[in-house]
Amino acid sequence: KLATTLVADEELERARNMLKCNVLTQLESRLVLFEDIGRQILTYGKREDAETMCEKIEGVTKEQIRDIAQRALYGDSLNGSGPPPSPTLSTVGDDVSKVPTGEEIASWFR
């Protein structure tokens, strides 16, 4: 649904608030804070403070969410420059005979 329909304003605002709450709550733990500092330094070469993270969360648009969902489902096939991505498939158990093939699952999203 996210690949074809823009998310509602209320839903986007709720998601933003939940994510900001989760980020800020997690950073209250010293262990998580130090892990976050290390991850950001290794990944980005700098650390962004909580205020900057919240500003970035607020900056996410409905169109960006739709575009990411489309790329995840269809890859570059939307603009004709490549095939759609293959879905990730994982199974557990002895009898996997009824598990659909990757191609079958991919066809559900075309």
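**A tour of salt bridges and a surface patch**

Select Lys 20 to begin: this residue is buried, with a relative accessible area of 17% (buried means under 20%, exposed over 50%, partly exposed in between, with a 1.4 Å probe and protein chains only). The model is a predicted one, in which local features need pLDDT of at least 70 and side-chain atom pairs count only at pLDDT 80 or more, while totals for chains, interfaces and linings use all residues. Residues are numbered from 1 along each chain as its sequence is written, and side-chain values use heavy atoms, with hydrogens and water left out.

Lys 20 lies in helix α1 and Glu 58 in helix α3 (residues 50-58), so the pair ties together parts 38 residues apart in sequence. Helices here are DSSP runs (H or I, at least four residues), numbered from the N terminus. Glu 58 is partly exposed, at 32% relative accessibility.

Proceed to Lys 62 and Asp 9, a salt bridge with the closest N and O atoms 2.7 Å apart. Lys 62 belongs to helix α4 and Asp 9 to helix α1 (residues 9-26), so this pair joins parts 53 residues apart in sequence. Asp 9 is exposed, at 53% relative accessibility, whereas Lys 62 is partly exposed, at 23%.

Then select Asp 36, Arg 39 and Arg 47, which are linked in a network of salt bridges. The structure holds nine salt bridges.

Finally, select Val 99, in the loop between α4 (62-74) and α5 (102-108). Val 99 is partly exposed, with a relative accessible area of 32%.

How values were computed
Helix = DSSP H or I, 4+ residues; strand = E, 2+ residues; numbered from the N terminus. Salt bridge = Lys/Arg side-chain N within 4 Å of Asp/Glu carboxyl O.
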